[in-house]
Amino acid sequence: SRGMKLFFGSGKAAEPAPVAPTDAIMKNKEAIETLEKRHNFLEKKVEMQQKVAAEKAKAGDKRGAMMALKQKKMLTQEEVWELDDRLAVLKEKLAK
């Protein structure tokens, strides 16, 4: 019978304990704070890539400048916008 439980489980799944509203609010606030820190970090990285691109272009390193701009574009498109969306959802949840 033990072998069957390994493959098919033990029947009913345990229901997770209900989360207190104050705990949920605190977790959302912590998540927002973490996302804001990540957002600020990524913005600094984007600014740094812009500076690197300008320096490399000034030095005549066209390829290096293009790579820095591509890195900047990737950071901007993928991560910063994704973080903005997550922040908006979390803040909306808190507003309710």
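Below is a working chat about this predicted model.

Trainee: Before I start, what kind of model is this, and how are things counted?
Mentor: It's a predicted model, where local features need pLDDT of at least 70, side-chain atom pairs count only at pLDDT 80 or more, and totals for chains, interfaces and linings use all residues. Residues are numbered from 1 along each chain as its sequence is written, and side-chain values use heavy atoms, leaving out hydrogens and water.

Trainee: OK, which residues make up the largest nonpolar core?
Mentor: Eight of them: Ile-32, Leu-35, Leu-42, Val-46, Leu-75, Leu-83, Leu-87 and Leu-90. Helix H2 (21-58) and helix H3 (62-95) each supply at least two residues of this core. A nonpolar core here is a set of buried Ala, Val, Leu, Ile, Met, Phe, Trp, Tyr and Cys residues joined through side-chain atoms within 4.5 Å. Helices are DSSP runs of H or I with at least four residues, numbered from the N terminus.

Trainee: And what does Ile-32 touch?
Mentor: Leaving aside residues up to four places away in sequence, Ile-32 touches Leu-87, Leu-90, Lys-91 and Leu-94. Contact means heavy atoms within 4.5 Å.

Trainee: Which residues of H2 are buried?
Mentor: Asn-28, Ile-32, Leu-35, His-39, Leu-42, Val-46, Gln-49 and Ala-53. Buried means under 20% relative accessible area, exposed over 50%, and partly exposed in between, with a 1.4 Å probe and protein chains only.

Trainee: How far apart are the end C-alpha atoms of H2?
Mentor: They are 55 Å apart, which agrees with the 56 Å that its 38 residues should span at 1.5 Å a residue. The expected span is 1.5 Å times one less than the number of residues.

Trainee: Switching topic, how many salt bridges are there?
Mentor: The count comes to two, taking a salt bridge as a side-chain nitrogen of Lys or Arg within 4 Å of a carboxyl oxygen of Asp or Glu. Glu-33 pairs with Lys-37, with the closest N and O atoms 3.8 Å apart. Lys-56 forms a salt bridge with Asp-61, and there the closest N and O atoms are 3.9 Å apart.

Trainee: Where do Glu-33 and Lys-37 sit relative to each other?
Mentor: They are four residues apart in helix H2, so about one helical turn separates them. Glu-33 counts as partly exposed because its relative accessibility is 45%, while Lys-37 is exposed at 56%.
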